[in-house]
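User: Hi! Could you walk me through this one? I'd like to go piece by piece.

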Amino acid sequence: MLRKILIDCDTGIDDALALLYALKHPQVQVLGISTGFGNTSADQAAENTLRIIRLAQPGYEVPVFVGASKPLEGDWAGPNVKVHGINGIGGVVLPRSEQKVSAEPAPDWIVRIARQMPGELTLVTLGRLTNLALALQQEPRLPELLKNVVTMGGAVVAPGNASPVAEANIMGDPEAADLVMQAGFNLLLVGLDVTHRVQLSKAHLDALSRHCPPENQAISDFLQEVMEPYFDFNRHADHFLDRCPTHDPLAMLLAVDPTPGIYRKMPVRVECGGTFCRGMIVADRRTVPMEGPYITVCVDVDAERALETLLSVFTD
Ligand code: RIB
Ligand code: CA
């Protein structure tokens, strides 16, 4: 069965791998990709996305839409150059695409396509939840119109990465994230609890370059180049040696095939105030939890299987 997927992202290094996975997957049709601020600006993320689509050569049209340039409240802190380089993709310069971004704003596109294909679409969010929150403000029935939402974000029991307790996608717009958590979407949260356990290594990339067919050689070369600065960052951040977590790729993978994950349902809120805890996920794991819609949280994952599945779309 062909899965119809919408992607909302902030095309940085791990987003790029997630996009390539979706665009190369034979059972996935990517109906469009929207971008927002985060790892880089929304405009730069769109430019990166156009170039990634050109690299993937999916064999069908994938329109690209630009969305929010700042969070619902306050301003954007600027690009995360330390992690994702000067252009969001580690400074790697991919060939330009002939394709242009669509004129329609990202939230309008999400609402329009969800109304056109009610109950059919999976939205995968790989960045801040601002575009989805803006779409929800336009169309409060969005939780019924979308089949499901898979979100890379948060940390339920694991430490944060943007602060001791907060993950970057949630910390980047806590108000938007909390709106989304409360809206009643059929939502799967894929957070640092599991993305940190699925670690892509230099050895995986070397194996990929040995086993990829000629048509995927450019993808393999790009991954080798783009992951180098990401491995460096992760060595300094977490003492990882030539390996990195797979935040966005794991969310994309579980959106397509949830079987490597183990899940629990719980109400989830986002701390929007606080001195130390802004952006923290507050997941109620008590037997009798607080009122509120239940969110599905990925609490464990078969890391080996997830990695092999991830790379399998590029190998022969
Ligand atoms: O915390 C990891 C997430 O923040 C990933 O989506 C990464 O691309 C950044 O957006
Ligand atoms: Ca991202």
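**A chat about the model**

Analyst: Happy to! Let's start with alanine 168, which is partly exposed, its relative accessible area being 23%. Keep in mind that this is a predicted model.

User: Which helix does alanine 168 lie in?

Analyst: Alanine 168 belongs to helix H7, which covers residues 168-171.

User: And how far apart are alanine 168 and proline 79 in space?

Analyst: Their C-alpha atoms are 12 Å apart, while 89 residues separate alanine 168 from proline 79 in sequence.

User: Okay, switching to ligand 1. How many residues surround it, and which are the closest?

Analyst: Ligand 1 has 13 residues around it, and the closest are Asp14, Asn161, Glu167, Asn169 and Asp248.

User: Which polar side-chain atoms lie close to an oxygen atom of ligand 1?

Analyst: Aspartate 14 has a polar side-chain atom 2.6 Å from an oxygen atom of ligand 1. Asparagine 169 has one at 2.7 Å from an oxygen atom of the ligand. From the backbone, an N or O atom of leucine 126 lies 2.8 Å from an oxygen atom of ligand 1.

User: How much of ligand 1 does the protein bury?

Analyst: The protein buries 97% of the 280 Å² that ligand 1 exposes when taken alone.

User: Are aspartate 10 and aspartate 15 buried or exposed?

Analyst: Both aspartate 10 and aspartate 15 are buried.

User: What about helix H1, why is it largely enclosed?

Analyst: Eleven of the twelve residues of H1 are buried, so the rest of the structure largely encloses this helix. Among the buried ones are Asp14, Asp15, Leu19 and Tyr21.

User: And what span does H1 reach?

Analyst: Helix H1 (residues 13-24) reaches 17 Å from its first C-alpha to its last, close to the 16 Å expected at 1.5 Å a residue.

User: Last topic, strands. In which sense do S9 and S11 pair?

Analyst: Strand S9 (residues 261-270) pairs with strand S11 (residues 294-301) in the antiparallel sense, with seven bridges. One bridge partner to look up is cysteine 298 in S11, which partners tyrosine 263.

User: How many bridges join S9 to S10?

Analyst: Three bridges join S9 to S10 (residues 281-283), and the two strands run antiparallel. There, valine 282 in S10 is the bridge partner of arginine 269.

Notes: Residues numbered from 1 in each chain as written. Chains lettered and ligands numbered in written order. Predicted model: local features only at pLDDT ≥ 70, side-chain atom pairs only at ≥ 80, totals over all residues. Heavy atoms only, no water. Pairing = 2+ DSSP bridges. Helix = DSSP H or I, 4+ residues; strand = E, 2+ residues; numbered from the N terminus. Expected span 1.5 Å × (residues − 1). Buried < 20%, exposed > 50% of the residue type's maximum accessible area, 1.4 Å probe, protein only. Near = heavy atom within 4 Å. Polar contact = N/O pair within 3.5 Å; in protein donor to acceptor, adjacent residues only side chain to side chain. Areas by Shrake-Rupley, 256 points an atom, 1.4 Å probe, with all protein chains shown as cover.
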